Amino acid sequence: MKINMKKKTILLTICLLAFITIGHSQSNDTIRGKIISSITRKKPVGEIVISEKGSTDFIKADSLGYFKFITKNKKSEYHLVIIAGDYDVQEFVFKSKWLNYKRPKHIVVNAKCKLNKKKASSDWKTGKAKLYLMGGIAPIATTKKDKRFERKYGVEYYDFGCEARLPECLIDYNTRIFKTLDLKFGRKWRKTVRKDVIGYQ
């Protein structure tokens with residue numbers, strides 16, 4: 001009799017746990033997404049944090065921009081808050097129908113670049129072309145070698161210091177200048193260019 005009572009207690013406990021688990025899983029959704037930049041169509045530079053609006057819980061996207069977010073309650077749509085690198089904080093409405101997609105939903109964080117390849121082409125034509133450098137608290141001073149490079153190739157090194165700028169915008173600008181230098185001078189300029197120029201490899 002005692003054995004039967006123990007079995008009943010164990011079975012009751014198992015059923016109760018199963019009920020709680022099922023109820024919990026039915027009250028939650030798993031949002032899967034990938035954060036990409038409107039500039040590069042790739043993961044934005046820097047750390048990405050995602051949360052549901054009004055919640056203190058958050059998760060971080062991985063190195064490719066993918067994330068998985070478990071909601072607290074089922075809804076027809078979820079208001080996500082996205083903080084990505086130096087981009088402005090942005091909100092995105094994630095619709096429940098996207099939960100059934102096989103692939104994570106691509107979420108674009110938007111930014112407008114005043115410095116881009118179009119601006120680079122314009123600056124080159126007007127003799128105001130620049131090569132933007134990695135900023136920092138203590139920028140590396142321009143040397144005599146740097147000055148010779150600037151005079152020879154018609155560009156100016158420029159460092160924003162700690163002033164925030166989207167790396168993607170500066171890469172877009174610098175890449176156009178790289179291509180222009182290649183067309184005009186071949187690849188010899190690459191031997192003496194500063195290695196802290198943004199986007200240079």
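Predicted model: local features only at pLDDT ≥ 70, side-chain atom pairs only at ≥ 80, totals over all residues.
The term pLDDT stands for the predictor's confidence in each residue, on a scale from 0 to 100. Across the protein the mean pLDDT is 86, with 83% of the residues at 70 or more. One stretch to view with care is residues 17-25, where pLDDT remains under 50. For this stretch the model has zero contacts beyond four places in sequence.

A helix pair comes next. Two packed helices are described by the angle between their axes and the distance between the axes. For helix α2, residues 117-125, and helix α4, residues 167-185, the axes come within 7 Å and cross at roughly 45°. The two helices are therefore oblique to each other, and their crossing is right-handed. On the α2 side, the contact involves K117, K119, A120, S121, D123 and W124. Their partners in α4 are D172, Y173, R176, I177, T180, L181, K184 and F185.

Counting rings of Phe, Tyr and Trp whose centres lie within 6.5 Å, the model has 10 aromatic pairs. One of them joins F149 and Y153, with 4.8 Å from centre to centre and 50° between the planes, a tilted arrangement. Both residues belong to helix α3, which covers residues 144-153. Within α3, F149 and Y153 are four residues apart, or about one turn of the helix.

Notes. Residues numbered from 1 in each chain as written. Heavy atoms only, no water. Contact = heavy atoms within 4.5 Å. Axes fitted to C-alpha atoms, helices over the stretch in contact; angles between N-to-C directions. Parallel < 35°, antiparallel > 145°, perpendicular 65-115°, else oblique. Left-handed = near helix turned anticlockwise from the far one by under 90°. Phe/Tyr/Trp six-rings, centres within 6.5 Å; stacked < 30°, edge-to-face > 60°.
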